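Colleague: I would like to go through this model feature by feature. Please give the general idea each time, then the case at hand.

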Amino acid sequence: MFDGKLMALPTTEISSGPGILWLRKDWMDKCGLEEPKTMEDILNILEQFLVQDPGGNGEGKTVGLVIDPQIAGSSGGSYMPNNIFTLYGAFPKQWIDDGNGNAIYGSVQPEMKDALEQLANMYQKGLIDKQFVTRTGDDRKGLLNSGKSGAFFGNWWGAWEVADSMSLDKEARWEPYICPVGSDGKVTLFAGNPNSSYVVVRKGFEHPELIVKLANMQFDYSRYEEKDDEAYKELADYSELNAGGTILAMNIDYYDAFPRSSKKVVDALESGDTSPLNRHDMGTYVNSKKYLDSLANGEESTSPEWASYNSMTAASLAAVTLFTIVGHWNDYFSALVYITDTANYPLQTYIQQLNVDITEVTDPDKLEQLARISSRTLNSAKIVVSTIPLLMIYPFMQKYFVSGIVVGSVKE
């Protein structure tokens, strides 16, 4: 307790970016398949993987789309086909706005029926792993890395899930695709919970300030400022001695931590100047540089080198950054939870509250004025105002989108 309030240090979640469908590109080439855009494209690719057996597993032994037993709901969850749900306007396990300022639970909305029906049809046809309910995490990675399956949904770090396949099969090539697109030509996604846990101390704890000091050392000094080398060495020694893992079993970082870190590494790879990199960035830089050097010399790269580089490139950085910006820009609900002073509300929250407040107007004079304004006029004005900043950013990043959503493998 502090000043009569129950206080805690929250875990902050970084952006997971858009959901990504990872596919065996070498299998697609053998089957003569183009990159997927629509749901029909995805279904055709999965079917051809089973029928043509490009992995040489034998009839009936190739496994369909690898998914998690939880199926969907976590924005940063690997093996979750969230993009299939959002294609139908369904948002499982998410609290969403019903359009009138009310929070409703996505898992029980009517749109879920169409999404579940699509997945049920895929399962019946074998396009989804028939044993997904009983698979462990190691089972799922084993299917992908051993060449039994060539498809899974993940995020920008998905390259690490299949890095071992490069060692087991020199022809293995994975590429990521942001799909399926809807009838409007767009891919819909949802952002995750901004925090997942809290760190607290017991009542009467003598030095509660130590939690903040430890967090500063573990996250701020080691990742960004690094102004105390001696303190960092103590932290590194703690980790190397395996004294219970990390000091604090949590993560604190910026929402756009991945674009920030990746941009620094990409800039260092282009310029050769590593001075802006901290210890947290250097591992990615070293592996990525080894990967690029191997390509230039016609040599084979290791799995970690391939995964480091293909989880972080300028093009995918631009794509994830834009998705992160859009998701953060459209978020009005977080401000309702964390900000008590309406004067500090961001634009999206203000616009949403404006819409709600108008429906509660009872003053006759104001009602007469509002009667002259149609809801279509008001909504159009809101759309124009809220999209101006994005329209200013998008033209400078759009050129990276094609390469940003398909990068992920060595090109022959």
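Colleague: What share of the contacts with a separation of 6 or more comes from residues 24 or more positions apart?

Modeller: A contact means heavy atoms within 4.5 Å. Here, residues 24 or more positions apart account for 67% of the contacts in the protein with a separation of 6 or more. This is a predicted model, in which local features need pLDDT of at least 70 and side-chain atom pairs count only at pLDDT 80 or more, while totals for chains, interfaces and linings use all residues. Residues are numbered from 1 along each chain as its sequence is written, and side-chain values use heavy atoms, with hydrogens and water left out.

Colleague: How many helices and strands does the protein have?

Modeller: Helices (H or I, at least four residues) and strands (E, at least two) are DSSP runs, numbered from the N terminus. The protein has 18 helices and seven strands.

Colleague: What is the strand order in the open sheet of three strands?

Modeller: Strands of a sheet pair through backbone hydrogen bonds, either parallel or antiparallel. Two strands count as paired if DSSP finds at least two bridges between them. In this open sheet the order is 5-2-6, and the pairing is antiparallel. Strand 5 (151-154) and strand 6 (174-177) are the edge strands, each pairing on one side only. On average, neighbouring strands of the sheet are turned by 25 degrees against each other, direction ignored; axes are lines fitted to C-alpha atoms, for helices over the stretch in contact, and angles run from 0 to 180 degrees between N-to-C directions.

Colleague: Over how many bridges do strand 2 and strand 5 pair?

Modeller: Strand 2 (residues 20-24) pairs with strand 5 over four bridges, in the antiparallel sense. Ile20 has Gly154 in strand 5 as its bridge partner.

Colleague: What percentage of the 412 residues is buried?

Modeller: Buried means under 20% relative accessible area, exposed over 50%, and partly exposed in between (1.4 Å probe, protein chains only). Buried residues make up 39% of the 412 in the protein.

Colleague: Where is Asp68, and is Asp68 buried or exposed?

Modeller: Asp68 sits in the loop between helix 2 (39-52) and helix 3 (82-87). Asp68 counts as buried because its relative accessibility is 11%. Leaving aside residues up to four places away in sequence, Asp68 touches Ser78, Tyr79, Met80, Phe132 and Arg140.

Colleague: How many salt bridges does the structure hold?

Modeller: A salt bridge is a side-chain nitrogen of Lys or Arg within 4 Å of a carboxyl oxygen of Asp or Glu. The structure holds nine. One of them joins Asp26 to Arg24, with the closest N and O atoms 2.7 Å apart. Asp26 is buried at 9% relative accessibility, and Arg24 is buried at 2%.

Colleague: Which residues are linked with Arg24 and Asp26 in a network of salt bridges?

Modeller: Asp169 is linked with Arg24 and Asp26 in that network.

Colleague: How far apart are N and O in the salt bridge of Asp29 and Lys25?

Modeller: The side chains of Asp29 and Lys25 meet at 2.6 Å, N to O. Both residues lie in helix 1 (residues 25-31), four residues apart, about one turn of the helix. Asp29 is partly exposed, at 47%, and Lys25 is partly exposed, at 21%.

Colleague: Why are Lys289 and Asp293 separated by about one helical turn?

Modeller: Because Lys289 and Asp293 are four residues apart in helix 11 (residues 279-296). Lys289 forms a salt bridge with Asp293, the closest N and O atoms being 3.2 Å apart. Lys289 is partly exposed at 35% relative accessibility, and Asp293 is partly exposed at 34%.
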